Amino acid sequence: MKRARGKSLVALTAALALGLSACGGGGSDDPTEDSNGSNDTSDNGGDTGGDGAPSGDITVGVAYETTNYHPSNTSSALAMGTNWHVVEGLYEFHMEDYTTYAALAADEELVEVSDTEYEVTLRDGAKFSDGTDITSEDVVTSFERSTAEGNIYATMLDFIESVEAKDDQTVTITTKYPFSLVKERIAVVKIVPADATDEDLTSMPIGSGPWKYETISDTEVIAVPNEHYNGAYPAGGERMVWSVLKDDTARTTAAQDGTIQVMENVPAENVELLESAGLTVEEKPGFNLPFMLFNTSKAPFDDPLVRQAFFYAIDTEKLVANAMSGKAVPATSFLPESHPNYNEAEVQFDYDPEKARELLAEAGAEDLSITLLTTDHPWIENLSPQIRTDLEAVGITVSVQAEASASLYSNNLDVDDPTFDVALAPGDPSVFGQDPALLINWWFGDNIWTTQRSFWQESDMESFEELQTLVLDAVQLSGDEQQEKWNEAQDLISREVPIYPLFHRTMITTYNADELEGVEPIATTGIELVGVTTK
C-alpha cells in the first residue's frame, strides 16, 4: 500500500465493493467549462457522493504537452503522467520512492521457476475500462508492442527472450540470461487490449487503471473513474483534470487562485508566492536534467576533447544560481548525487575556461562556430544566454535557435543526413524507473539516441561497445560487484560525453493539502496521484 495514503483506502475499497459506477456522477463533462467543472473545490471540505465515494475534481497544472498517449511507446512527460492513472502494468512503481507493487499481477512477487523463467498470474476479475476481461493474450500482445523493432522501449526490455501465455490468466516470462531487475523493468510495459489499434492508443488509450480518459485536447485532459477497476487504489474524485499550462506564470497563477490544486515544475522564484497562498510546496532532488547532445558524425564533435571543452567552458555553478535559483546540483556524474548507485565520475567539469581553450587547441578547433539548438521549454531557454556567453568567452561563436521540442527533433535530428551541431534539451528517463542500466541505455544504448541523434555508436564503436559490456555485466551481478560496474560506466561516460547533463534538477511540486489527501510529490517529471482523494 502507498505510504500516507492508507487513511481513505478502507472506505474507498468498501465503496468499490458497492459499485464505483456512480463515482462519475455530478461532475461536468464539458471540457470547455472551467477546469473545476461545476464543483468549486474550495467547497469540497470532505464531501462525498451518495455512495460514499469522494466528490469533486482533482485539478492539475502540467508543464508539458504531447499528441502521443500510446502506452507502449510514448516518452512524453505529460502522457507518462496521465497514463499512470489510466493504464496498468503487471507491476507499477510507487513513484515517490520507486518501490514496486502488484498492479495487474495478482501477487506482489514474481513466481521464479528458474533463474531465467518467471510466471505472473493476473489479478482476479480484472477488466479494461470498456468492461472486457483482461487475458494473457492482452499481456502477450502488449509486450510485443513494446519490444517491436524500432520501439524506444525495446532496449529497456532486451533481456527478455519470450513472453507466452501459460493459460488465460497466467503468462511465462523467459529471460535471455539471469537478470536482477525483472520486476522493476517489466513495469515499463502497460497492458492494453490486444485488438486496440495504434491510432486509438495514440489518441486516447483504454486501460485497466482507476481512471479512464474522457476527453483529450491540446489544452486539457479529463479522466473519470473506471467503474470496472477492482485494484487497491480506486479513483479519489469525480474527475481528474490536467490543464496544459506550459507558461510558468500561468501555471503559478492558476495554483494561487485555486484553478488547479496540484502544480508540477514550480519555478524556484515562485515558491514564496505559492506558500503565501496557503499551498504546500515540496522539493525532491532527482535525475531530471538539461543535456547537451553532440552530432558526433561530423567534425570536430567526433572528438571527445571538443565535447569535454564545452562542459569546462560553462560555469555551471553560476547557471544553477542564476537560472535555477539554486534548485539544482551541478553534475558530478551521469547519475545524480541523490541516486543510490551514484559515484563521483573520473572527469569533473569544474568551470575552467583555460582548460576548455587548451582542449579546443589540442583538437584543432580554436575557431569553432556553431548553432546551438534548444527546446522552447522556459527553463531551458533561460539557460541559453549564459551558455552562449560562456562558450564565446573561449572562442566558440554561437548562434542560438529555439524550437518546440517536437519540431527540434523532427526538423533537425530525426532526419536523413542531419547537419546540426549541438542540441540543448531536457530529459528524464527516470519516469520509467531508476535502475542505472535503464537510465544509461536510454541515451547510450543501441537505440535512436545513438543511431540517429548522437551517432556515437558509429563514431566511436569501441567506447560504445565497452559501455554496453559494462551494463550487461552489471545487471547480472549484485552488491559491491554490481556497483563496481556502475562506477566504471559512469567514468566512461564522463570521458566520452556524447550526451551529458549540465546539472540535475530539484523537482518542486506544490499542492493544496486542505483539498487533497495523500499527495506525495515525486522526483521526476509528471504528477502521480494514484491513491489521492479529495477531502
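Two strands count as paired here if DSSP finds at least two bridges between them. Helices (H or I, at least four residues) and strands (E, at least two) are DSSP runs, numbered from the N terminus. The model is predicted, so local features need pLDDT of at least 70 and side-chain atom pairs count only at pLDDT 80 or more, while totals for chains, interfaces and linings use all residues. Residues are numbered from 1 along each chain as its sequence is written, and side-chain values use heavy atoms, with hydrogens and water left out.

Confidence comes first. pLDDT is the predictor's confidence in each residue, on a scale from 0 to 100. The protein has a mean pLDDT of 90, with 90% of its residues at 70 or more. Residues 1-50 are another matter, with pLDDT below 50; beyond near neighbours in sequence, this stretch still has 111 contacts in the model, a contact being heavy atoms within 4.5 Å. Where pLDDT is low, the predicted coordinates should not be read in detail.

Now for the sheets. Strands of a sheet pair through backbone hydrogen bonds, either parallel or antiparallel. Angles between axes run from 0 to 180 degrees between N-to-C directions, the axes being lines fitted to C-alpha atoms, for helices over the stretch in contact. Between β6 and β7 (residues 170-175), which run antiparallel, there are 6 bridges, and S162 sits opposite T174 in β7.

Another open sheet has 5 strands, ordered β16-β15-β17-β13-β18, with mixed pairing. Here β16 (397-403) and β18 (499-501) stand at the edges with a single partner strand each, so one side of each has no neighbour in the sheet. Neighbouring strands of this sheet are turned against each other by 25° on average, direction ignored. β15 and β16 pair in the parallel sense over 7 bridges, with I370 opposite V398 in β16. Helix α12 (residues 384-393) lies across β15, β16 and β17 (422-427), and its direction is at about 160° to β16. S369 belongs to β15 (residues 369-375). Leaving aside neighbours within four places in sequence, S369 touches T397 and D421. From S369 to I499 the separation is 130 residues in sequence and 19 Å in space, C-alpha to C-alpha.

β2 (residues 91-94) and β3 (residues 99-102) run antiparallel and are joined by 4 bridges; the bridge partner of Y91 in β3 is A102. The two strands, β2 and β3, form a hairpin with 4 residues between them. Y98, in the loop between β2 and β3, has a positive phi of about 65° although it is not a glycine. Elsewhere, the peptide bond from A299 to P300 is cis, with omega near 5°; P300 falls in the loop between β13 (289-294) and α8 (304-313).

Finally, helix packing around α14. Helix α14 (residues 436-444) packs against helix α17 (residues 461-474) at an angle of about 160°, with the axes 11 Å apart. That makes α14 and α17 roughly antiparallel to each other; angles under 35 degrees count as roughly parallel, over 145 as roughly antiparallel, 65 to 115 as roughly perpendicular and the rest as oblique. The crossing of α14 and α17 is left-handed, meaning that the near helix is turned anticlockwise from the far one by less than a right angle (clockwise would be right-handed). α14 contributes A437, I440, N441 and F444 to the contact, and α17 contributes F464, L467, Q468 and V471. By class, this contact of α14 with α17 has 6 nonpolar, 2 polar and no charged residues, where Ala, Val, Leu, Ile, Met, Phe, Trp, Tyr, Cys and Pro count as nonpolar, Asp, Glu, Lys and Arg as charged, and the others, Gly among them, as polar.

α14 also packs with helix α18 (residues 479-496), at about 25° and with axes 11 Å apart, so α14 and α18 are roughly parallel to each other. This crossing of α14 and α18 is left-handed. P436, A437, I440 and F444 of α14 meet W486, A489 and I493 of α18, a contact with 7 nonpolar, no polar and no charged residues.
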